[in-house]
Amino acid sequence: VINIITRKAKKKFEASAGIRYAGRNQQNYKDTPKDHSQYKYRIHLDKPNLNTNLSLGLNLGKFTMNTDVLYKSFDGYQLFDKKPLVKYFTAYNTTITEELSKTPTSISGYEDVQVAHKMDYRFSKRLKVQLKGSYYMLNKYDFQADNIFEKSEDYTYGGSIDYTISDKSSLVASVHTDHYNRYDKYELKSGRRLEYKNNIIQPRIVYSTTALDKQTITAGLEYYRESLFSDKFETGVKENKSQWYATAFLQDDWSINKQFSVIAGLRCDYHEKYGTNLTPKASVMYKIFPFTVRFNYARGYRSPSIKELYMNWIYGNSKLKPETNNYISLSGEYVNSWININANVYSNWFRNKIEGMWSNDQTELHYINIGKSRLAGVETMCKIQINRHINVHGAYNYLYTSKDADGVRLSSSSPHSGNIRAEYNTRIPRYATVVNLSGNIMGKKKFDV
């Protein structure tokens with residue numbers, strides 16, 4: 001997981017740094033001599049629990065720049081069972097006690113480096129250019145004394161050009177690329193072996209105009225290409241798979257008057273394998289204080305990913321069809337100075353939904369198409385301001401999940417869920433106090449095993 005948030009510098013120069021250190025989870029080896037055959041393996045497992053960060057910012061008016069660097073390390077440790085595992089099977093009213101495991105559960109150690117860099121330059125009031133990139137490196141140190149560890153690297157780079165054509169029209173062109181590689185890295189000699197590679201390129205161009213009265217027209221083009229190199233395909237040997245699709249879209253956001261507005265859009269996808277597909281959407285809002293009513297319709301479309309088509313460790317399916325759906329919702333909102341009530345009713349009809357199904361004693365995950373299925377539900381929310389110090393917030397959700405003829409469950413979420421929160425706040429000179437009490441309820445759900 002890469003988690004870098006780069007903010008724009010406000011001063012000419014800004015810098016900040018931080019460090020956090022914690023004791024080791026477990027000392028696996030102590031005082032290993034450097035000439036030991038397992039020296040690197042041992043010191044990697046006993047890395048310190050360290051978390052450091054450095055942030056630099058520059059703001060020279062037209063030119064701004066931000067760089068963030070993070071480094072983390074974590075030592076590996078092992079967990080040993082003190083009690084045997086006890087399993088109770090409700091359907092058979094049977095309890096099984098397994099033997100105490102003598103094999104520990106190993107938690108791998110790691111170190112990672114994250115770097116993110118962003119530059120903005122405003123040539124004029126109409127033209128702005130941005131360049132950005134990031135680097136991520138992860139070394140994962142397991143308890144196998146084979147002098148090999150897993151090394152992952154990810155590079156992203158791209159940029160955008162934002163051009164204001166006129167006071168009412170603008171054009172934004174951007175490109176994003178992502179290159180991820182995973183290797184087996186040797187500890188006692190130089191070199192590494194490529195095991196997995198995933199490349200993505202995604203250019204995009206969007207035009208927006210408000211030239212028409214009370215309307216915002218947005219149109220754009222997008223291209224997406226992905227390639228994947230792995231030995232986890234059906235053939236079992238390392239090979240490269242790729243696919244691409246192109247998209248054109250058009251949307252009209254029309255504020256007819258203060259009470260009534262409409263959004264309508266159309267998206268056209270062309271996939272190299274599945275051809276052309278059109279997906280429309282429409283949204284209508286009517287507002288007359290204190291009531292607001294919204295109606296939405298959208299048709300969805302999703303083509304299978306490379307992993308879903310070809311992978312064999314999660315059993316891809318090259319015969320998969322694209323997934324489509326039709327979604328509608330109707331919501332209403334009531335707002336005044338002390339209460340806010342919101343309710344939403346929705347339904348989603350799927351055709352050829354792509355789902356992963358466990359089989360063979362839950363040891364194999366197979367991707368399949370589910371012919372016809374449906375998700376529907378009700379979402380409600382209420383917030384009450386009792387006085388200037390006390391407010392209460394509550395919500396309730398109901399989810400209906402259909403099954404196809406084979407009994408495939410589309411969602412693992414509970415049919416019923418809700419939450420409530422009461423909050424008290426007060427402020428006196430130089431002090432502010434907030435006290436809240438909250439609770440959540442989750443209805444029972446069925447697990448298919």
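Student: How do the residues of the lining of the largest cavity divide into nonpolar, polar and charged?
Tutor: There are four nonpolar, two polar and three charged residues in that lining. Keep in mind that this is a predicted model.

Student: Okay, which residues line the largest cavity?
Tutor: The lining is made up of Tyr 41, His 44, Tyr 141, Asp 142, Gln 144, Asp 146, Ile 148, Phe 149 and Glu 187. Helix H1 (39-45) and strand S10 (148-166) are the elements that each give two or more residues to it.

Student: How much space lies in the largest cavity?
Tutor: About 40 Å³. The count of cavities of 30 Å³ or more comes to one.

Student: How does anyone find empty space like that?
Tutor: A probe the size of a water molecule is rolled over the atoms, and that shows where empty space is left.

Student: Let's zoom out. How many helices and strands does the protein have?
Tutor: Two helices and 23 strands. Its C-alpha atoms fill a box of roughly 80 × 70 × 65 Å along the principal axes.

Student: What share of the residues counts as buried?
Tutor: That would be 29% of the 449 residues. As for the surface, the protein exposes about 28,500 Å², and carbon and sulfur atoms supply 56% of that area.

Student: Now the strands. Do S1 and S2 pair in the parallel or the antiparallel sense, and over how many bridges?
Tutor: Antiparallel, over 10 bridges, with S1 covering residues 13-22 and S2 covering residues 49-59. If you want a spot to look at, find Gly 18, which stands opposite Asn 53 in S2.

Student: What does S2 do with S3?
Tutor: S2 also pairs with strand S3 (residues 63-74), in the antiparallel sense and over 10 bridges. Here Asn 51 has Lys 72 in S3 as its bridge partner.

Student: What's in the turn between S2 and S3?
Tutor: The two strands form a hairpin with three residues between them. Gly 61 sits in the turn and has a positive phi of about 90°.

Student: Which other residues have a positive phi without being glycine?
Tutor: Asn 147 is one of them, with phi of about 60°. You'll find Asn 147 in the loop between strand S9 (127-141) and S10. Lys 214 is another, with phi near 60°, and it lies in the loop between strand S12 (192-209) and strand S13 (215-230).

Student: Are those two buried or exposed?
Tutor: Asn 147 counts as buried because its relative accessibility is 13%, below the 20% cut-off. Lys 214 has a relative accessible area of 47%, so it is partly exposed.

Student: Where is the cis peptide bond?
Tutor: It joins Phe 289 and Pro 290, with omega about 5°. Pro 290 is in the loop between strand S16 (275-288) and strand S17 (291-302).

Student: Last topic: where is Ile 96, and what does it touch?
Tutor: Ile 96 is in strand S6 (residues 94-97). Leaving out residues up to four places away in sequence, Ile 96 touches Leu 85, Val 86, Lys 87 and Phe 89. Its relative accessible area is 42%, so Ile 96 is partly exposed.

Student: How far is Ile 96 from Val 172?
Tutor: They are 76 residues apart in sequence and 63 Å apart in space, C-alpha to C-alpha.

Technical notes:
Residues numbered from 1 in each chain as written. Predicted model: local features only at pLDDT ≥ 70, side-chain atom pairs only at ≥ 80, totals over all residues. Heavy atoms only, no water. 1 Å grid on protein atoms, 1.4 Å probe; cavity = no way out; pocket = protein on both sides within 12 Å on 5 of 7 lines; lining within 4 Å. Points joined across faces, edges and corners; volume = space filled by probe spheres on them. Helix = DSSP H or I, 4+ residues; strand = E, 2+ residues; numbered from the N terminus. Nonpolar A, V, L, I, M, F, W, Y, C, P; charged D, E, K, R; others polar. Buried < 20%, exposed > 50% of the residue type's maximum accessible area, 1.4 Å probe, protein only. Areas by Shrake-Rupley, 256 points an atom, 1.4 Å probe, with all protein chains shown as cover. Pairing = 2+ DSSP bridges. Contact = heavy atoms within 4.5 Å.
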